[in-house]
Amino acid sequence: MLNKIISENNIQKAKKLIDKSDKIVIVTHLSPDGDALGSSLALYHFLLELGKSVNVVVPNNFPPFLKWMKGAKDVLIAEWKENLARELIRAADLVFCLDFNTLKRIDRLAPFVEQTAAKKIMIDHHPGPGDFCDVTISHPELSSTSELVFRFICRMGMFDYLDRECAECIYAGMMTDTGAFTYNSNSPYIYYIISELLEKGIDKDAIYDKVYNNYSESRIRLQGFLLYEKMKIFREYNTSLISLSCEEQKQFQWRKGDAEGFVNIPLSIEGIVFSALIREDEDLIKISFRSKGTFPTNQFSAEIFGGGGHLNASGGEFYGKLEEAIALFEEALPRYKDLLI
Ligand code: 5GP
Ligand code: MN
C-alpha cells in the first residue's frame, strides 16, 4: 500500500478545481528535463482521459531524448509561439504549475501565469515553494514531481484513468530525477509505484533505452573531450569542475540537452563529493551542481550564484564571462572547505 503524503484538504480542493474546469493548461520550468516533461505529460494524459481540454506549455525547447514521449509533439513551446502561449494561459480555467517552485523558473511564461484569472495548482518537489498558487502541493522529500503526480491521481481515487501513456511518462520522470534509481531513491514506495506502472503495461527497459542510449555520436565525443581535457580536480576540496565554452560546443555540433548528465560523472571518482559544470550559453552562463552525501549544493548555488534547487542537485545562472564564473566558483571553494572534507 502507498502511504498518504498529500493532505486531504489539498486533494479535495484540487479535485473541486479540476471538476469545474474545462480548459486546463500545464506549465513547467525553463529547459524542461525528464521530470518536468514526464510529470506534465502524465498529467496531460490523465486530464485528457477525464475529457478535459488540455495544453502543455513550456518556456523553451526540450532535448531530443525526451521527444519519444507520447504527447511531446503537442507541447507548445512558448519561445516559438509566444502569443498562443499567452492566450492559452489567459483563457484557461485552471493552470497546473509542475516541477517548479517560483515564477522566475518559468522565464517568459511568468507574467502570463501571474496575470491570468485562472486558478492555480502547484505540484512540485523543490524546497521553498513560492506563494502564488491557490493550492500548493509541495513535497521536497519525494524523488520527483512525477512520483507526486502518481500519488495525486491515486489519492483522488482515479487510478483507472491513469493509462499506459500516462504511466510511461511517470516512469520516465522518476527515472531521470533519480539517475535511473541510483540516488534519492531509497524509499520503498518508489518500487511499489514502479510495480503499479508495470501493471499498467509500461516497458521500463525500453524507456531506459530511449532516454539513455540515444545519444548522437558528437555528444559521446564531447563527453570524452570534457573528461580528458577539461575536468579539473580540486583534491583539497574533494571537488570537480568542468567548463564548456560556446566555441567548444560548436566544435562538437552542440544540440540542446547535450550536456545533460555530464555533471554527474566526476562523482564516480573516489573521494569526489562535489561536482560543477559551468557552461557558456548564448546570453548567460548556466551552472549545474551535484553532490554526494551532505554537501548542500543548493546553499552554495544560492550564496554564490543566486540559484537554488535540491541539496544534491541544484543550479544557477551567471551574467558575465565564462572565466569570471569559473573564478567566482574557485574563489568560493575555500569558504566551504569544512562542508567538503
Ligand atoms: P540541472 O543541473 O539539471 O539544470 O538542474 C538541477 C536542479 O537545479 C533543477 O531540478 C532545479 O531544481 C535546480 N536549478 C537549476 N538551475 C536553476 C536556477 O537557475 N535557479 C534555481 N533556483 N534552481 C535551478
Ligand atoms: Mn524534478
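Modeller: Strands (E, at least two residues) and helices (H or I, at least four residues) are DSSP runs, numbered from the N terminus. This is a predicted model, in which local features need pLDDT of at least 70, side-chain atom pairs count only at pLDDT 80 or more, and totals for chains, interfaces and linings use all residues. Residues are numbered from 1 along each chain as its sequence is written, ligands are numbered from 1 in the order in which they are written, and side-chain values use heavy atoms, with hydrogens and water left out.

Biologist: Which strand supplies the largest share of the shell around ligand 1?

Modeller: A residue is near the ligand if one of its heavy atoms lies within 4 Å of it, and 13 residues surround ligand 1. Strands E10 (285-291), E11 (308-309) and E12 (313-318) each supply at least two residues of that shell. The largest share, five residues, comes from E12.

Biologist: How far is a polar side-chain atom of His 126 from an oxygen atom of ligand 1?

Modeller: His 126 is listed among the closest residues, together with Lys 286, Ser 288, Arg 290 and Ser 314. A polar contact is a pair of N or O atoms within 3.5 Å, and for His 126 and the ligand oxygen the distance is 2.8 Å.

Biologist: Which residue of E2 stands opposite Ile 26?

Modeller: Strands pair if DSSP finds at least two bridges between them. E1 (residues 23-28) and E2 (residues 53-58) pair in the parallel sense over five bridges, and the residue opposite Ile 26 is Val 56.

Key
A polar contact is a pair of N or O atoms within 3.5 Å; within protein, one must be able to donate a hydrogen and the other to accept it, and residues adjacent in sequence count only if both atoms are side-chain atoms.
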